[in-house]
Number of protein chains: 2
Amino acid sequence: MVEEKRRGRPRDEQVDGRILDAALELVLAEGYDRFSPDGVAAKAGVAKTTLYRRWPTKDHLILAVVTRMQNEVEVTDTGDLPRDLTRYLDEIAAGLNRMRKAGRPQLAGDQSAGLIAEIAAAAARHADIGAVVRQMFALRNKVPIGLLARARERGDLPEDVDPEVLFEQLAGALYYRVLITGSPIGPAYVQRLVTTALSATPAANRRKS
Amino acid sequence: MVEEKRRGRPRDEQVDGRILDAALELVLAEGYDRFSPDGVAAKAGVAKTTLYRRWPTKDHLILAVVTRMQNEVEVTDTGDLPRDLTRYLDEIAAGLNRMRKAGRPQLAGDQSAGLIAEIAAAAARHADIGAVVRQMFALRNKVPIGLLARARERGDLPEDVDPEVLFEQLAGALYYRVLITGSPIGPAYVQRLVTTALSATPAANRRKS
């Protein structure tokens, strides 16, 4: 029941939205360690019990914030694959960079994985959080995978490209830099990524105008 | 001085090796939470002070174990790119799967990221560990990136493929599955990955016999 959002009750959703707005602002400002659901309840003006009934731990709450942030990233399918992919990956990278800097906006050069690593670790430690993370990504990733599948159908990707795997290569490269090598993932990197991924594909060789 | 291995003193290296052997065995058996450097010192038959002088925290010790494991993965360059890549990625995936199962060998179906997520989180939390992780991967990744660069030079990859980025797409897809989606990374996935990455490249189309 905790997972099921009651769509028929807009008042609850308004409260949820207020809590998640406050949580996003606080987690970006404070980072993982200092972030506390109690502070979120105070900032959102709701009772702690309301918050904890919906999100029983700090990790559940942070995860809900990240889910909402990721669901807001739109996939545009104009039929121009390099452009559509670049736009999508730029947004994903921007979201990852925000989470990377959570709690230390002053450290521009800090390449730590921050919040993202904490979520991955929480997902590894707690089976229920792991299940929510995996479900969230499975749902969300269907959209960009669909974009790649349609591009293949119209001949803009080679036949033996597996759309799911290509998506994992693209998203994976961004997460690999954030979580493992600590390298930057700005627009210049996204450009290199799209160019390499689409090299020698029909889409890369005859861009639509 | 802690980072610098004194190559001229084989006795130290023997002790190091014994400690890391014991640590590998224990961390795979016990998992991150239950793993303790004290247990490693006892198993290896060395004084705790010897161990802590070299690896001041549990995270430093686990990281040293993982570094050694990763350095043991060899890159073979036979000139047959699909085969060389498959062999390399199969080994990387096997190592990740061992770490994924650390501490819970009984849970065959458990897709949790386990140890790998803990290392990523430790790297995010502690600047010195983050620096060691990044340095380790930067060094190690030069070898497979070199394999891809040579393949491009001899015309087995398109000119506009960036070897570093292609490597990050391949390794990234594996880590993305382990850390984010929890999907399996067995030989069947590695095969899909290599096929998709090399689709429409000369290497994929004219395999050497």
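Chain A of this predicted model contains 10 helices and zero strands, where helices (H or I, at least four residues) and strands (E, at least two) are DSSP runs numbered from the N terminus. Along the sequence, chain A accordingly reads α-α-α-α-α-α-α-α-α-α. Residues are numbered from 1 along each chain as its sequence is written, and chains are lettered from A and ligands numbered from 1 in the order in which they are written. Local features need pLDDT of at least 70 and side-chain atom pairs count only at pLDDT 80 or more, whereas totals for chains, interfaces and linings use all residues; side-chain values use heavy atoms, with hydrogens and water left out.

Of the 209 residues in chain A, 54% are buried, a term that denotes under 20% relative accessible area, with exposed meaning over 50% and partly exposed in between (1.4 Å probe, protein chains only). Contact is defined as heavy atoms within 4.5 Å. Among contacts in chain A between residues at least 6 apart in sequence, 64% join residues at least 24 apart.

The unreviewed UniProt entry annotates residues 36-55 of chain A as a "DNA-binding region"; UniProt positions follow the numbering used here, feature names are shortened, and annotations may be inferred rather than shown by experiment. This span is 75% helix and 0% strand, and its end C-alpha atoms lie 12 Å apart.

Two packed helices are described by the angle between their axes and the distance between the axes. Axes are lines fitted to C-alpha atoms, for helices over the stretch in contact, and angles run from 0 to 180 degrees between N-to-C directions. Angles under 35 degrees count as roughly parallel, over 145 as roughly antiparallel, 65 to 115 as roughly perpendicular and the rest as oblique. In chain A, the axes of helix H5 (residues 81-100) and helix H6 (residues 114-125) come within 5 Å and cross at roughly 90°, and H5(A) and H6(A) are therefore roughly perpendicular to each other. Here Leu96(A), Met99(A) and Arg100(A) of H5(A) meet Gly114(A), Leu115(A) and Ile116(A) of H6(A).

For H8(A) and helix H9 (residues 187-197) of chain A, the axes come within 11 Å and cross at roughly 150°, which makes H8(A) roughly antiparallel to H9(A). The residues in contact are Leu166(A), Leu170(A), Ala173(A), Leu174(A) and Arg177(A) from H8(A), together with Tyr189(A), Val190(A), Arg192(A), Leu193(A) and Ala197(A) from H9(A).

In chain B, the axes of helix H6 (residues 114-125) and helix H7 (residues 127-153) come within 5 Å at a crossing of roughly 120°; H6(B) and H7(B) are therefore oblique to each other. Ile119(B), Ala122(B), Ala123(B) and Arg125(B) in H6(B) meet Ala127(B), Ile129(B), Gly130(B) and Val133(B) in H7(B).

Asn141(A) belongs to helix H7 of chain A and is buried, with a relative accessible area of 5%. Beyond its neighbours within four places in sequence, Asn141(A) is in contact with Phe167(A), Tyr176(B) and Thr181(B). The C-alpha atoms of Asn141(A) and Ala171(A), 30 residues apart along the chain, are separated by 9.5 Å.

Asp156(A) lies in the loop between helix H7 (127-153) and helix H8 (163-181) of chain A. Asp156(A) is buried, at 2% relative accessible area, and its side chain makes a polar contact with the side chain of Arg154(A) (2.8 Å). A polar contact is a pair of N or O atoms within 3.5 Å; within protein, one must be able to donate a hydrogen and the other to accept it, and residues adjacent in sequence count only if both atoms are side-chain atoms.
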